[in-house]
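Here is a friendly walk through one model, written for someone who likes cut-offs spelled out. Have the sequence and the coordinates at hand.

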Amino acid sequence: MSDTVLTQLDAGVLSVTFNRPEKKNAFTHAMYEAATAALLDADRRDDVRVVLLSGAGGAFTAGNDIGDFVEHPPAGEDSAVFRYLRALAGMAKPVLAAVEGAA
């Protein structure tokens, strides 16, 4: 995985933590890619029963990192952000969000 998207499995709960607290966990292109991979992997695994999304450092996520978004604008439905949204919407397993601070 990435150092900006951390995963940990404990008793069937896959925790996916957005780990960019210095930017209030604002999403970059790489974070969309890593989070998508984590979700798709979780949905395929028998040892994952539920996914818990959270943010490090007192903020869930401030949304898109505008600078990174300008460098990697969505260029169609196969862009990283759309793949993430499709993965999230298509999850067969429950997905919970532990929202704290900016969201």
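The report below covers the sheet, the nonpolar core and the aromatic rings.

This is a predicted model, in which local features need pLDDT of at least 70 and side-chain atom pairs count only at pLDDT 80 or more, while totals for chains, interfaces and linings use all residues. Residues are numbered from 1 along each chain as its sequence is written, and side-chain values use heavy atoms, with hydrogens and water left out.

Let's begin with the sheet. Strands are DSSP runs of E with at least two residues, helices are runs of H or I with at least four, and both are numbered from the N terminus. Two strands pair if DSSP finds at least two bridges between them. Four strands make an open, mixed sheet in the order S1-S2-S3-S4. S1 (5–10) and S4 (95–98) are the edge strands; each has a single partner strand, so one side of each lacks a neighbour in the sheet. S3 and S4 run parallel over four bridges, and Leu53 stands opposite Ala97 in S4.

Next comes the core: buried Ala, Val, Leu, Ile, Met, Phe, Trp, Tyr and Cys residues joined through side-chain atoms within 4.5 Å. The largest one has 21 residues, and Phe18, Phe27 and Tyr84 are among those with the most contacts inside it. Helix H1 (29–44) is one of the elements that supply at least two residues, and H1 gives the most, with seven.

Finally, the rings. Ring pairs join Phe18, Phe27, Tyr32, Phe60 and Tyr84 into a cluster; rings of Phe, Tyr and Trp (its six-membered ring) pair if their centres lie within 6.5 Å, with planes under 30 degrees apart counted as stacked, over 60 as edge-to-face and the rest as tilted. Phe27 and Tyr32 form a tilted pair, 4.7 Å centre to centre with 45° between the planes. Buried means under 20% relative accessible area, exposed over 50% and partly exposed in between (1.4 Å probe, protein chains only).

| Residue | Relative accessible area |
|---|---|
| Phe27 | 6%, buried |
| Tyr32 | 11%, buried |
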